[in-house]
Each structure stands twice: as structure tokens, then as C-alpha cells.
Amino acid sequence: MKMTGEKELRDVMCVKYPVKVVNGEKAKDMLEIKVYKRRWLILGLFILYTGMSTFQWIQYSVVPNVITRYYGVSSLVVDWTAMSFLAYYVIFVIPVTYFMDRWGLRWTNIVGCGISCLGSWIKVLSVSPDRFYVTFIGHSLVASTQTIVQIFPGRIAAQWFDTNEVSTATSLIIFGNQLGIALSFLLTPIIVKNHENLDDISKDLSFLFWTVAIILTIAFILVVILFEDDPKLPPSKTRALQKINRMNHNEGFVAPIKRLIKNKQYILLCNTYGLNVGVLNAVATLFSQIYLVHFQNGEEDAGRIGLVMIISGMVGSVCLGVIIDKTHKFKQITVAVYFLALCGEIFFAVSSVAEIQWMVYLSAIFLGFFMLSYVAVGYEVCAEYTYPESEGITAGILNVANNIYGIVLVLILGELLELYGDIPVHVGLCIALLIGFVATVLTKDVQRRQDAKKGIRYEGVGQGDTNNDSCNEHGNT
């Protein structure tokens with residue numbers, strides 16, 4: 001535990017408004033910090049239930065030929081099961097962000113886990129060729145919780161972890177979400193086979209749905225019993241200052257959004273991040289269809305390749321999270337990762353068209369390591385660009401772009417895949433990443449959160465300029 005006095009409060013206060021300090025004791029109380037061991041339990045609970053939710057994202061897209069035959073639907077409808085996770089995010093981001101700011105971590109996660117659990121049980125009832133509408137309703141309920149899955153990593157990390165652990169904690173949460181996707185790539189083709197008899201497919205789907213529903217039910221019970229809101233004391237000085245600013249200036253929901261819209265670097269990041277993660281969403285959704293163009297009856301191989309791609313990305317997320325925590329070289333790392341993700345997509349395109357299976361595996365490892373790890377990097381860059389704004393609001397808006405880009409790319413590239421094969425798809429993915437890379441190079445290296453530890457004062461989040469004078473040189477407290 002660390003105590004800080006009035007002078008240090010003035011020296012390090014880096015938010016938009018100065019805090020009036022009555023005496024040294026009040027300053028000590030406001031900047032008292034502690035890192036709790038319970039943070040790892042909160043992290044683990046969030047990873048457990050969000051991982052099982054993201055498991056269901058591409059559940060149908062991994063075995064599209066089985067689902068189209070069993071339910072009698074088109075490949076576009078199967079694509080929409082994955083795209084629903086992107087679309088519902090855009091629809092619910094504002095109400096969920098408002099609910100989160102009003103009710104906090106605990107109740108938001110209880111509601112989110114409960115809805116995901118309910119959706120999973122509805123899918124248990126959908127095992128019949130004439131009940132696709134039932135499975136889509138259940139899937140939609142799970143998809144509606146993705147707003148929580150996508151905007152909470154940075155907020156949980158900031159509220160429970162020290163500054164030197166924030167990037168690592170964020171990457172671990174993303175690691176858990178990606179683990180859910182990896183398991184879906186691996187297990188779905190193994191469990192759900194393309195049997196001649198539809199009754200055998202029914203048994204496979206039933207086993208899959210029951211397993212997921214039971215695990216999510218256990219997760220829901222644990223979240224209700226063990227999940228907590230903010231710790232009693234903030235884990236870091238920057239978090240303490242952020243809380244003080246919000247306590248003294250309760251601006252509501254609209255004012256921060258107006259400032260963010262004026263933050264040019266943040267808006268540029270929304271688009272560069274959106275293009276990269278949008279490509280990732282498109283690759284995950286269309287991967288099996290792209291692979292089956294060149295490798296017939298390769299459902300299980302497609303699942304294994306998707307698995308190694310996601311596992312590689314999980315490792316990359318943790319590695320880059322640790323590197324960022326140690327170096328704080330946000331701009332350099334972002335540019336390097338973006339460029340290597342583009343190289344990975346080119347490598348994947350060449351190996352797929354050449355129909356060299358071992359090269360497809362290798363390219364998937366390379367692509368996954370850099371494209372998926374960029375998700376963790378993007379969250380941290382977002383926090384640096386927008387400090388001291390709420391991580392829930394900034395991450396919420398950040399992910400709107402990638403979900404919109406993902407839907408557009410899947411719709412356009414899915415149609416091109418049906419009409420002209422996979423070559424135009426690869427070209428489109430590479431062009432999107434190239435545009436994002438060039439825009440990333442043009443961004444400035446802004447580190448507001450890191451500057452907060454050095455006593456640099458920001459006059460306005462939306463203005464993009466700084467005042468390097470010490471805080472205690474501005475007015476009287």
C-alpha cells in the first residue's frame with residue numbers, strides 16, 4: 001500500500017480539471033492505492049464466461065457445409081450467424097455502455113453472462129432440421145453480449161491492475177477470448193460430422209449445445225457469487241487520478257463522446273483498428289469456405305489450421321502485452337505489427353492458391369501471431385490516446401468501426417467468393433490491410449496515460465495538445 005500527500009497530488013494531476021485539496025490528509029485518502037490479489041479471480045471469471053461466449057461466434061461457420069445441409073439454409077445465412085456477433089455489437093454498444101457506467105462491472109457482467117447462458121439453452125432446443133429460427137434466436141442472444149466481451153478488457157485491467165500490469169492483463173483477457181475461438185475451430189469439426197444420416201448430425205449438435213450450455217451455467221453461478229465491482233482502493237496512481245476527475249466532474253455520457261469525436265488521433269485509430277480487426281473477422285468467418293475451395297472434404301483440416309492460427313495469436317497477444325508494459329513503445333510496435341499482419345495475409349493468400357498445405361499451416365501461424373495480437377495492442381493505444389476518459393466508452397466506440405468493417409467485408413467478399421473464387425477475396429483483404437497500415441504510419445505517438453505518471457497536464461482530451469508545465473504552477477488549490 002502506498003500513501004501520497006498534497007504536493008504529489010498537485011505534481012501528478014494530469015486530468016482536464018484541477019482537484020481542490022482541502023488538506024494533506026484528504027490528498028492522502030484520495031491517492032491511497034493498493035493492488036489486490038483478488039484481481040486474478042476477477043480476470044479468470046471474465047475469461048471463463050466470455051471465452052465460452054466467443055466459442056459460439058463461428059460455431060456454424062466452421063462447418064458451413066454441414067449446417068447448410070442439415071438446416072436447409074444458404075451459405076449467406078450461415079455467414080450471418082457469425083456476422084450477428086458484429087451487428088448486435090453496433091446496435092447495443094450505446095445502451096450497454098450507459099448501463100455499464102451506471103451499474104458498474106458486477107451487474108453488467110451478471111446480466112451479460114445470464115443472457116449468454118439463456119441463449120445457449122435455447123440452442124439446445126433447436127436440434128431439428130426445421131428449427132433454424134430457434135437456433136438463430138439463441139445465437140442472437142449470445143451475440144448480443146459481445147458488447148461486454150469487446151469493451152471490458154481495458155476497463156477490467158485499468159480498474160484492478162497496476163499500471164505496469166495493465167497491458168499484460170488486457171492481453172490475457174484477449175487470450176481467453178481467442179481461446180474460445182480456437183476451441184471452436186478445433187472441437188466443432190470433430191464433434192459435428194458430415195454424416196449421411198441427419199439424425200446422426202442431430203446427435204452431434206445436441207452434444208455440442210448441451211456441453212456449452214452446462215459450462216456457461218456453471219460460469220453464471222460463479223459470476224453471481226464471486227464477481228466484484230471496483231476494488232476498495234484503486235490499483236495505480238493514474239487510476240486514482242481518473243476516479244478523482246470523474247467524482248469532481250460528473251459529466252454524464254454525452255460530454256466524453258463529444259471530446260472523443262474531436263480527438264483526431266483517436267478517430268484515425270478507430271479506422272486503422274477497424275480495418276485490421278475487420279479483416280480478422282472476415283478471415284475467421286470465411287476461412288473454412290476459402291480452404292474448402294482448394295481442399296475438398298477438408299473440414300477437420302480447416303478447423304486445425306484455424307486452431308493453430310488462434311493459438312499463435314494468443315501467444316502473440318501475451319508476448320506483445322508484456323513487451324508494451326516493459327518498453328511503452330506504442331507507435332513503433334503498432335506499425336511493426338500492422339506491417340507483419342499484412343505480410344502474413346499475403347503469405348496466406350499465396351499458400352492457399354498454390355494449394356500447398358504445409359505452407360497454409362505456416363502462413364496461418366504467422367498471420368495469427370500478428371493479426372490477432374494487434375487486438376491487444378489496439379486496446380492499449382486507445383487507452384493512451386484517450387486518457388483519462390472512461391475505458392468503457394473509448395473501447396465501445398473503438399469496436400464499432402471493426403464490427404462495421406467486418407460486416408461489410410464479409411458481405412462483399414462472401415459474394416465474390418461465391419461468384420469468382422477466393423483470389424478476389426485475398427486481394428480485397430490485402431488492400432484493406434494496406435490502407436490501414438499506411439494510415440497507422442501517419443498517426444502520432446501520443447501517450448497520455450504514460451505522461452500522467454510524469455506530471456504532464458492535459459488541458460482537454462479532445463484538443464490533442466498538451467501543456468508541459470507542472471500542475472502546481474496553474475492556479476491555487
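Let's start at S74, which sits in the loop between α4 (64–71) and α5 (75–124). Keep in mind as you look around that this is a predicted model. S74 is partly exposed, with a relative accessible area of 38%. Its C-alpha atom is separated by 9.1 Å from that of P64, a residue 10 positions away along the chain.

From here, turn to how helices pack. Helix α3 (residues 39–55) packs against helix α9 (residues 198–226) at an angle of about 155°, and their axes are 10 Å apart. Angles over 145 degrees count as roughly antiparallel, and α3 and α9 are therefore roughly antiparallel to each other. Their crossing is left-handed. On the α3 side, the residues that meet α9 are L41, I42, L45, L48, Y49, M52, S53 and F55; on the α9 side you will find L208, V212, I215, L216, A219, L222, V223 and L226.

V149, P153, G154, I156, A157 and A158 of α7 make the contact with V166, A169, T170, I173 and N177 of α8. Sorted by type, the residues of this contact comprise eight nonpolar, three polar and no charged.

Now for the charged side chains: how many salt bridges does the structure hold? There are three. In one of them, E228 pairs with R38, and the closest N and O atoms are 2.5 Å apart. This pair links distant parts of the chain, with E228 in the loop between α9 and α10 (237–248) and R38 in the loop between α2 (24–30) and α3, 190 residues apart. E228 is partly exposed at 30% relative accessible area, and R38 is partly exposed at 31%.

R39 lies in helix α3 and E165 in the loop between α7 and α8, so the pair ties together parts that are 126 residues apart in sequence. R39 is buried, with a relative accessible area of 10%, whereas E165 is partly exposed at 24%.

The remaining salt bridge joins the side chains of D301 and R304 at 2.7 Å, N to O. Both belong to helix α13 (residues 299–327), where being three residues apart separates them by about one helical turn. R304 is partly exposed, with a relative accessible area of 35%.

Terms used. Residues numbered from 1 in each chain as written. Predicted model: local features only at pLDDT ≥ 70, side-chain atom pairs only at ≥ 80, totals over all residues. Heavy atoms only, no water. Contact = heavy atoms within 4.5 Å. Helix = DSSP H or I, 4+ residues; strand = E, 2+ residues; numbered from the N terminus. Nonpolar A, V, L, I, M, F, W, Y, C, P; charged D, E, K, R; others polar. Axes fitted to C-alpha atoms, helices over the stretch in contact; angles between N-to-C directions. Parallel < 35°, antiparallel > 145°, perpendicular 65-115°, else oblique. Left-handed = near helix turned anticlockwise from the far one by under 90°. Buried < 20%, exposed > 50% of the residue type's maximum accessible area, 1.4 Å probe, protein only. Salt bridge = Lys/Arg side-chain N within 4 Å of Asp/Glu carboxyl O.
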